[in-house]
Amino acid sequence: MKWHEVNNNIVITLPKHFNMNANLGYLTREKNECMYEIENDSITKVIAIGEIRSLVQVNVMKNKQMIVQFLNESRPIESWQREQVVKYIHEWFDLHNDLTPFYEMAKADPLLKIPAESFYGLRVIGIPDLFEALCWGVLGQQINLAFAYTLKRQFVEKFGDFIEWNGKQFWVFPSYERIAQLTPSDLADIKMTVRKSEYIIGIAKLMASGELSREKLMKMNFKDAEKSLIKIRGIGPWTANYVLMRCLRFRTAFPIDDVGLINSIKILLNMNQKPTKDEILELSIPWKNWESYATFYLWRVLY
């Protein structure tokens, strides 16, 4: 991680193949997002490191440097805590990944060629917090994206906390420790099914007991991590692969049954009907080790 500090700000050196406009395009696609705010190409967000809450504003200079400014006197005192903020941002924007092989492959791929050019410099935007990633996966099951964002906002505003700055509230995702203490009836006024409430509380309890953690999953290979997640009530192959892709950073994660992926392929290949799973597997052979990036770029064709 290449970074240094100037006038209490953090300056992160960005990798090749990074384009802030492409990433902002993804981050601003949904107006009802409650975990950050974007204004004048600046992202304002709370980054929680344990009990420490830092409100940061992120700007990018010429796609070469990312400037992280601490707002509201929330700059962590200890240098290791500031290093954790840098680590979070690296995870969030997938800055440690060299995308050269992906672009080489995409250039020759009939499906990826146009998305890779159109969204050049886009990273797979991550959700570094495992509980947040799992909740988002569960909330998004079998409903449209707009409604999923509404549920997330209701959940966050009821059970999360926030830092107030400039008359606005900047939210921290609810902790699994807090959610583990609840029953489904505590979530009754959030417009999700009772089953989803049970799933989220169940996941929180597994994390509170230490049985489930990002550290444990990161020590596993892809297949074992996938199996461990699918064993959890409420997590099927789609949610598992979504979390493996956006939180655990397995490049081979591939939510093959995803509706957005299927529709994107149908549009790009001008097909009369949706591609079958076998057809998608055939098309994805060249994407080996880059399935998560291929999926993310194909999603961007739609939204």
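Modeller: The lining of the largest cavity has 11 nonpolar, one polar and six charged residues. In these classes Ala, Val, Leu, Ile, Met, Phe, Trp, Tyr, Cys and Pro are nonpolar, Asp, Glu, Lys and Arg are charged, and the others, Gly among them, are polar. The model is a predicted one, in which local features need pLDDT of at least 70 and side-chain atom pairs pLDDT 80 or more, while totals for chains, interfaces and linings use all residues. Residues are numbered from 1 along each chain as its sequence is written, and side-chain values use heavy atoms, without hydrogens and water.

Biologist: Which residues lie nearest the centre of the largest cavity, and what makes a space a cavity or a pocket?

Modeller: Glu33, Tyr36, Gly126, Ile127 and Arg246 lie nearest the centre, among 18 lining residues. On a 1 Å grid over the protein atoms alone, a cavity is a set of points where a 1.4 Å probe fits but cannot get out, and a pocket is an open set with protein on both sides within 12 Å along at least five of seven lines; lining residues have an atom within 4 Å of a point. The volume of the largest cavity is about 190 Å³, taken as the space filled by probe spheres set on the points. Helix H1 (20–27), H2, H5 and H6 each give at least two residues to its lining.

Biologist: What is the volume of the largest pocket, and which element gives the largest share of its lining?

Modeller: The largest pocket has about 1000 Å³ of space. Of its 35 lining residues, Ala48, Ile49, Gly50, Pro128 and Asp129 are the closest to its centre. Strand S4 (42–49) is one of the elements that supply at least two lining residues, and S4 gives the largest share, five residues. The lining comprises 18 nonpolar, five polar and 12 charged residues.

Biologist: Why are H5 and H8 called roughly antiparallel?

Modeller: The axes of helix H5 (residues 130–139) and helix H8 (residues 194–208) come within 10 Å and cross at roughly 160°. Angles over 145 degrees count as roughly antiparallel, under 35 as roughly parallel, 65 to 115 as roughly perpendicular and the rest as oblique, so H5 and H8 are roughly antiparallel. The contact (heavy atoms within 4.5 Å) includes Leu130, Phe131 and Leu134 of H5 and Tyr199, Ile200 and Ile203 of H8. It has 11 nonpolar residues, no polar ones and one charged residue.

Biologist: How do you know how H12 is oriented to H14?

Modeller: H12 and helix H14 (residues 291–302) pack at an angle of about 70°, with axes 8 Å apart. That angle therefore makes H12 roughly perpendicular to H14. Among the contact residues are Leu261 and Ile265 of H12 and Leu298 and Trp299 of H14. This contact has eight nonpolar, four polar and no charged residues.

Key:
Axes fitted to C-alpha atoms, helices over the stretch in contact; angles between N-to-C directions. Helix = DSSP H or I, 4+ residues; strand = E, 2+ residues; numbered from the N terminus.
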